[in-house]
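Here is a short briefing on one protein model. Have the sequence and the 3D view open as you read.

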Amino acid sequence: METVTSKYVGRTEYSAAWEEQKRFFNALLDAKRNGGGQAEQVLLFVEHPHVYTLGKSGHASNLLVDDGFLKRIGATYFQTDRGGDITYHGLGQLVGYPILDLERLGLSLKEYVWTVEECVIRTVAEYGIEAGRLDGATGVWIEGDTPRARKICAIGVKASRYVTMHGFALNVTTDLCYFSYINPCGFVDKGVTSIEKETGARPSLEEVACRFAAHFGELAGCRVSY
């Protein structure tokens, strides 16, 4: 059975987390190129200061404010190499970066994205939230097939030779007003929400990360170490 290490790092600048992701990602790629060595697989969990990130298939026009406004609200902006469009990361949001060799876990990329979604669905269910998927839209939604559709978790990944990086952003106690400055994930007709907004609960990000990691171990059939 494969072992995946769960690492809760806490508050981390986006640029620093990106470098840390690349360190694990490149180690896994190097291991594959050099005969399949057992480089570490990790679930890296962080909380970012206010930042907007744009995926490689996204549209900069979905950022609705200029550089001066970003500076006034203390936010930064990055163009990234993940999939998806624009999203926001900030305080009270659990950002998970699974850096994994999917071949070692026996998962296809489609199965991996489904697994991440399912882990989030099961995690928020522990707080009394019924969530699910929305056809044609990656991520986790509440009342996704209704006019009240609202996203609680965004997902955007990158994979090379079945090694993954980037991941998901789950709104826990997030200040949702920061989403008003973008068209989240390119959508102009759907809302966003959080665990706190739906239930009033304010769990710690580390608690939520532990719950996600436990579900990941069950669904991916791996041993999670802490």
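Buried means under 20% relative accessible area, exposed means over 50%, and partly exposed lies in between (1.4 Å probe, protein chains only). By that scale C177, at 36% relative accessibility, counts as partly exposed. This is a predicted model, where local features need pLDDT of at least 70 and side-chain atom pairs count only at pLDDT 80 or more, while totals for chains, interfaces and linings use all residues. Residues are numbered from 1 along each chain as its sequence is written, and side-chain values use heavy atoms, leaving out hydrogens and water.

**Cysteines**
- C153 counts as buried because its relative accessibility is 0%.
- The whole structure was searched for disulfides (pairs of cysteine sulfur atoms within 2.5 Å), and 0 were found.

**Nonpolar cores**
- A nonpolar core is a set of buried Ala, Val, Leu, Ile, Met, Phe, Trp, Tyr and Cys residues joined through side-chain atoms within 4.5 Å.
- The largest one has 37 residues, and I152, F168, L170 and F216 touch the most other members.
- Two or more of its residues come from each of β2 (41–47), α3 (102–105), α4 (109–125), β8 (137–142), β9 (150–160), β10 (163–171) and α6 (205–220).
- Helices (H or I, at least four residues) and strands (E, at least two) are DSSP runs, numbered from the N terminus.
- Another core lies apart from this one; its 19 residues include W18, F24, A39 and V42.
- Contact means heavy atoms within 4.5 Å.
- Leaving aside residues up to four places away in sequence, I152 touches V124, I129, V140, I142, A169, L170, N171, T193, S194 and I195.

**A three-stranded sheet**
- The strand order is β4-β3-β5 in an open sheet of 3 strands with mixed pairing.
- Strands pair if DSSP finds at least two bridges between them.
- β4 (76–79) and β5 (86–89) are the edge strands, each pairing on one side only.
- From one strand to the next, the twist averages 20°.
- Strand β3 (residues 51–54) runs parallel to β4, and 4 bridges join them.
- Helix α1 (residues 14–33) lies across β3, β4 and β5, at about 30° to β4.
- Axes are lines fitted to C-alpha atoms, for helices over the stretch in contact, with angles from 0 to 180 degrees between N-to-C directions.

**Helix α6**
- α6 has 16 residues and reaches 22 Å from first C-alpha to last, close to the 22 Å expected at 1.5 Å a residue.
- That expected span is 1.5 Å times one less than the number of residues.
- Its buried residues are L205, V208, A209, F212, A213, H215, F216, G217 and A220.
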